[in-house]
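Please open the structure in a viewer and keep the selection panel at hand. The stops below are given in the order in which they may be selected.

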Amino acid sequence: MKKSKKIFIFTILALLLSVSVHADELTDTLDLYSAAFDAIWLLICGGLVFFMQAGFAMVETGLTRAKNAGNIIMKNLMDFSAGAILYWAVGWGLMYGETAGGFIGSSDFFLASGDTMNWFFQVVFAATAATIVSGAMAERTKFSSYIIYSVVISGLIYPISGHWIWQGDGWLTALGFHDFAGSTVVHSVGAWAALMGAIIIGPRTGKYVKVDGKVSVKAIMGHNMPLAALGVFILWFGWYGFNAGSTLSGTDLSMTDVAVTTTLAAAAGVIGAMFTTWIAFGKPDVSMSLNGALAGLVGITAPCAVVSNGAAIIIGLIAGILVVASVEFIDKKLHIDDPVGAISVHGVCGVWGTLAVGIFGDLEAIGGAATRLGQIGVQALGAAAVFVWVTVTAGLLFLIIKKTVGLRVSEAEELKGLDIEEHGTESYAGFQIFQNM
Amino acid sequence: MKLVVAYIQPDKLNAVKQELFKDEIHKISVTNALGCGQQMGYTETYRGVDVEVNLLKKVRIEIAVTEPFVQTTVDAIIRGARTGEIGDGKIFIMPIEDSIRIRSGEKGEAAIG
């Protein structure tokens with residue numbers, strides 16, 4: 001380390017002092033340094049995004065019941081582990097391989113190109129999309145079926161729609177669609193898969209109870225709010241890698257602008273969600289305010305590099321309000337059981353963030369459509385295309401799983417808890433937990 | 001006046017509560033309990049090692065009722081908790097000498113209802 005540092009300083013000095021250095025050599029050296037900056041930046045940010053797995057695990061554990069804690073940890077652990085290997089073998093090639101008509105990548109399977117820098121930064125994004133689903137399907141999904149799902153989303157569903165937007169030659173890129181860090185590419189993909197999963201698997205036992213022909217909505221409280229809060233803080237922390245790292249370059253100084261818009265939107269998201277619950281329910285709700293932070297973050301993910309600070313605050317505020325309204329609507333009107341609010345946070349706010357690119361974005365910086373309305377149209381088209389792609393493929397996937405290996409645990413198993421029944425062990429041994437809750 | 005004490009499976013609490021409510025028995029106390037009965041426990045595994053669990057988690061329900069309600073209460077608990085398998089639980093009925101409502105000082109049957 002020390003030696004290389006000395007060489008580094010010496011080279012800089014030599015470059016500054018020496019007039020006899022050849023221009024080509026100078027360019028070569030600068031190229032090497034800028035490549036090194038890129039690698040360091042993507043490695044750090046990739047690590048931050050990986051840490052978001054811990055955030056998801058904590059949020060989902062905290063917002064569900066104690067008897068299923070180990071199961072949800074296993075799901076978060078497995079969707080990364082299975083997903084990473086599939087993304088290496090197939091996913092990366094389908095996403096970033098040479099394009100076939102703008103729809104699908106067709107080369108670089110098993111990372112043949114050896115582009116480890118970009119692969120590492122992308123695999124953690126794929127894992128983020130995959131892990132969103134476990135929260136929405138929590139407390140009732142068969143573990144083996146969940147593994148099958150996570151393999152397919154990381155290896156197939158996520159990479160193909162990602163190819164349309166991020167590969168450079170995708171059909172949505174050609175239309176001028178802009179999604180800087182993945183409101184649509186990552187978050188919506190996870191959320192729409194979560195939506196289909198939650199619909200097909202059905203609600204947890206006791207969530208929607210029919211009383212005199214009318215459906216009565218019950219709350220099933222999460223067992224650990226501090227864990228959920230820790231998870232949200234970890235996600236927020238990781239999001240600096242998610243958004244600022246998506247400059248994909250360590251010499252692109254706009255990375256700090258991105259960090260600022262990200263911070264402002266997340267803060268505004270909390271404020272928006274908190275006041276919405278305060279006004280609507282009479283008290284500022286803890287878990288909804290936590291969801292508000294995530295809503296603001298998902299909302300700013302697509303536009304973070306092309307909007308002003310003021311716009312970031314507006315985007316975050318609206319995302320915060322939107323997430324509360326959406327959670328209420330999905331739970332109380334649609335009766336889709338999403339224990340952690342994943343569909344609202346990542347899906348609804350993901351679409352909002354994608355549209356916000358068109359509404360607030362600097363058209364020149366986006367470099368897409370010529371008019372604002374045109375850009376909004378393209379953003380809407382992209383969001384819709386991804387919605388259709390994911391709902392159809394994920395819907396089919398979950399239906400096939402349901403018909404073959406089965407998607408859901410038995411009711412007795414659900415009541416006893418998935419920790420004991422699926423994994424044969426408790427998460428809180430020595431504690432008395434209310435299994436009946 | 002009788003005290004009905006029932007030990008049931010934790011996951012049957014909701015069903016028992018519903019049955020009790022149907023018969024308009026609303027006042028109950030519930031505590032977590034550990035117990036060992038005919039069920040004889042089960043094994044968990046922790047890091048590949050078997051763990052014998054012979055004190056099983058149960059829920060203890062206590063309901064103080066007046067004489068006419070004793071049978072209704074017992075029937076409701078059985079309807080909610082019975083699966084027909086070992087481990088469904090037990091019900092004990094015992095006499096109550098007196099009962100006092102702390103707030104008003106009422107005594108006897110007036111304090112129960």
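Which residues of the largest nonpolar core touch the most other members? Select A:Val189, A:Ala193, A:Ala194 and A:Val323, which hold that place among its 127 residues. A nonpolar core is a set of buried Ala, Val, Leu, Ile, Met, Phe, Trp, Tyr and Cys residues joined through C-beta atoms within 7 Å; a residue is buried if 20 or more other C-beta atoms, placed from the backbone, lie within 10 Å of its own.

The model is predicted: local features need pLDDT of at least 70 and side-chain atom pairs count only at pLDDT 80 or more, while totals for chains, interfaces and linings use all residues. Residues are numbered from 1 along each chain as its sequence is written, and chains are lettered from A in the order in which they are written.

Next, colour helix α11 of chain A, residues 309-333, which gives the most to this core, with 12 residues. Helices are DSSP runs of H or I with at least four residues, strands runs of E with at least two, numbered from the N terminus.

Then turn to helix α10 of chain A, residues 286-301. Of its 16 residues, 15 are buried.

Finally, display the boundary between the chains, where 10 residues of chain B are in contact (C-beta atoms, placed from the backbone, within 7 Å) with 11 residues of chain A. On the chain B side, the elements giving two or more residues are α1 (13-22), β3 (42-46) and β5 (56-65). Of these, β3(B) gives the most, with 3 residues.

Notes
The expected span of a helix is 1.5 Å times one less than its number of residues. A residue is buried if 20 or more other C-beta atoms lie within 10 Å of its own, exposed if 12 or fewer, and partly exposed in between; C-beta atoms are placed from the backbone. Two residues are in contact if their C-beta atoms, placed from the backbone, lie within 7 Å.
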